[in-house]
Amino acid sequence: MAAGRSDAVIAAAESIARDIKHRNPNVPVVLTLHHLAHLADVPIEPLQQVIFRQVDPYRVFRIKKRGTPDGVAAPPRKYRTICVPRPPIMRVQRWIAQNILNEVDPHPASFAFTPKRDLVGAAWRHTEAKWLLKMDVRHFFESISERRVYWVFRTLGYTALLSFQMARICTRLTPHGALDPRRSAGRGRAGLPYRQHPPGHLPQGAPTSPMLANLVMRPFDRRIEDLAQRLGWTYTRYADDLAFSRRDVSSRAAAMRLAKVVEHELSQFGLVHHRGKTSLVPPGARKVLLGVLVDSSSPTLTRAFRNNIETHLYALASSKIGAAAHKANRGFASGIGMRRHIEGLIAFAHQVDRAYGAKLYAQFNAIDWTR
């Protein structure tokens, strides 16, 4: 025996390790919840509390969705619910994301949440499009269930119990499954049995959620790409944004038939099509995808985007306006927030057009932020 373990236990551990490495040699071997806690350098107790749904380990707040003007009251669902895990759970989720999920590639049609692909790469797939169909998934993260997350870990070779435990660590109960301390009273340290809890969902804001969403969507992406190719369309997905394009002759009727098929596939996968965001752009119309133009042979920035960023930089460099006045005029809460916002716009511009982005960076770096 080694370290007090029987030969049978050692043989079982070796068998699990071989299975994990056989399925994906890049992911680490993790045998048990205690082993995971040791690797992530966190105490076991907070993990057990989350697994048994005895606590909600998230700080929850809302942020205004992009596209809602500052100062305008937003109708329902114009806010995005962000769930930030508290330190022990954040630490183990980051370990899972960096050491496990980062080592598994999403489907080639998926371009969000991966260091190897980006928004511009998705746009490149649709350049010179004559027809462009755009669709959207409603409540994307909230629609991805704990059960689907479990199968991501299971297919990587982790045991059923550990896959269940990691799925619990990476998901959160829906609001109607809120915790009731009275129900767990008298159940001992373990709390309620697993089967008495409703399943959770991916919380937006957790470091594991984006990559898990991509991996959960791999079968869907495979199915939709095969379907699109058979019908002559190119398919990409950027998080909850689905895009289909073709460079040859087609018709509105053919595009609508494709949309109906995709909507059915979304429903079969447990997702809901956001019909209000579906758009079909025919030949001759300007085609904007993920904020960039895809009409020509390469993605380009829109005139509206260029005008916006150039107006920011002009005002900030102007002797008559400056940073303080521009912050007040545009309604930014702080100078730091304004600076980060503009720097983010420039970073996006640089992704699409490196020469233009370099010019914007030079202007940005010359700004006197003290005025």
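Phe 113 is found in the loop that joins helix H4 (87-99) to helix H5 (119-124). In this predicted model, the phi of Phe 113 is near 60°, a positive value in a residue other than glycine. Most residues other than glycine have a negative phi. With 34% relative accessibility, Phe 113 counts as partly exposed. Ring pairs also join Phe 113 with Phe 140 and Phe 141 in a cluster.

A positive phi, near 60°, is likewise seen at Asp 41. Here the setting is the loop between helix H2 (33-40) and helix H3 (44-51). Asp 41 has 56% relative accessibility and therefore counts as exposed, the cut-off being over 50%.

Leaving aside residues up to four places away in sequence, Ile 96 is in contact with Leu 36, Leu 101, Phe 153, Met 166, Cys 170 and Thr 208. In soluble globular proteins, nonpolar side chains tend to be buried together.

Across the whole structure, seven aromatic pairs are found. In one of them, the ring centres of Phe 364 and Trp 369 are 5.4 Å apart and the planes stand at 65°, so this pair is edge-to-face. Phe 364 counts as buried, at 3% relative accessibility.

Charged groups meet rings as well. Arg 148 lies over the face of Phe 269, 3.9 Å from the ring centre, while the charged end of Arg 306 sits over the ring of Tyr 356, at 4.2 Å from its centre.

Terms used. Residues numbered from 1 in each chain as written. Predicted model: local features only at pLDDT ≥ 70, side-chain atom pairs only at ≥ 80, totals over all residues. Heavy atoms only, no water. Contact = heavy atoms within 4.5 Å. Helix = DSSP H or I, 4+ residues; strand = E, 2+ residues; numbered from the N terminus. Buried < 20%, exposed > 50% of the residue type's maximum accessible area, 1.4 Å probe, protein only. Phe/Tyr/Trp six-rings, centres within 6.5 Å; stacked < 30°, edge-to-face > 60°. Lys NZ or Arg CZ within 6 Å of the ring centre and 35° of its normal.
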